[in-house]
Amino acid sequence: MARANIKRDWQPDKTAFDRLLAWLDEGTESRGERYLEIRERLVDYFGRRDCPFPEDLADETLNRVARRLEETGSIDDVVPARYCYIVAKFVFLESLRRPRQVELVAQNAEAAGAQVATERAENERTFACLERCLQSCSIADRALILDYYQTTSGSARENRRQLAQRLEVTANSLAIRACRIRGRLEACVRACVAAATYRQNSVSSE
């Protein structure tokens, strides 16, 4: 018998949640893995539709499914994944009619654009510093580190095996040398980026 007094913001208790897990498992025992899989797919579903809060909508979808199971006791006319997507479609359509939805999407798009621009500037600064730090290395160290991380063809492991043979060193020795060079490069890049950021901030504040 349907429970008409269940509210819209209803949250499943342990019994209702266990019933949802069992229904999603379809007779198997996934120890919650099936629930996590469905939830991840729902988050992706809402995310691909540019919803500002895809995880919240995924949780709302699963809560509605659990509520339906609480009301009816079972859902046997459609497979669980399909039913979850049907409910998700309605949740998505309802979300479009909520106040501030359009405003939130616009704000998120603007923030995302600003973040992309900031990340692009930071990446360009980092690459410029990396290039400068590479030029400060010895010719041998620069050639070794570039060859060590080259993966344009084949696997990295195979490339490094061939490099070790060419340099007549063991794979472990090669890895240690590359690690030391990388450590010096990372320290150099951090110092370079910090200095460049300081200069940029100084100019901006003038």
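Is C51 buried or exposed? With a relative accessible area of 8%, C51 is buried (buried means under 20% relative accessible area, exposed over 50% and partly exposed in between, with a 1.4 Å probe and protein chains only). C179, in contrast, is exposed at 53%.

A word on the ground rules: this is a predicted model, in which local features need pLDDT of at least 70 and side-chain atom pairs count only at pLDDT 80 or more, while totals for chains, interfaces and linings use all residues. Residues are numbered from 1 along each chain as its sequence is written, and side-chain values use heavy atoms, without hydrogens and water.

**Disulfides**

Searching the whole structure turns up two disulfides, a disulfide being a pair of cysteine sulfur atoms within 2.5 Å. Here they are side by side:

| Pair | S to S | Torsion about the S-S bond |
|---|---|---|
| C129 and C192 | 2.2 Å | -75° |
| C133 and C188 | 2.0 Å | about -85° |

The link of C129 and C192 is left-handed. C129 sits in helix α5 (residues 101–136) and C192 in helix α8, so this pair ties together parts that are 63 residues apart in sequence. Helices are DSSP runs (H or I, at least four residues), numbered from the N terminus. C129 is buried at 3% relative accessibility, and C192 is buried at 12%.

The disulfide of C133 and C188 is left-handed too, given its torsion of about -85°. This pair again links α5 to α8, with C133 and C188 55 residues apart. C133 is buried at 2%, whereas C188 counts as partly exposed at 29%. Numbered in sequence order, the bonded cysteines pair 1-4, 2-3.

**How α3 meets α4**

Helix α3 (residues 54–72) packs on helix α4 (residues 80–96) at an angle of about 125°, their axes 9 Å apart. Axes are lines fitted to C-alpha atoms over the stretch in contact, and angles run from 0 to 180 degrees between N-to-C directions. That makes α3 oblique to α4 (under 35 degrees is roughly parallel, over 145 roughly antiparallel, 65 to 115 roughly perpendicular and the rest oblique).

**Two positive phi values**

Most residues other than glycine have a negative phi. D50, not a glycine, has a positive phi of about 60°; D50 lies in the loop between α2 (33–47) and α3 and is exposed at 57%. E168 also has a positive phi, near 60°. E168 is found in the loop between α7 (156–167) and α8 (171–205), exposed at 74%.
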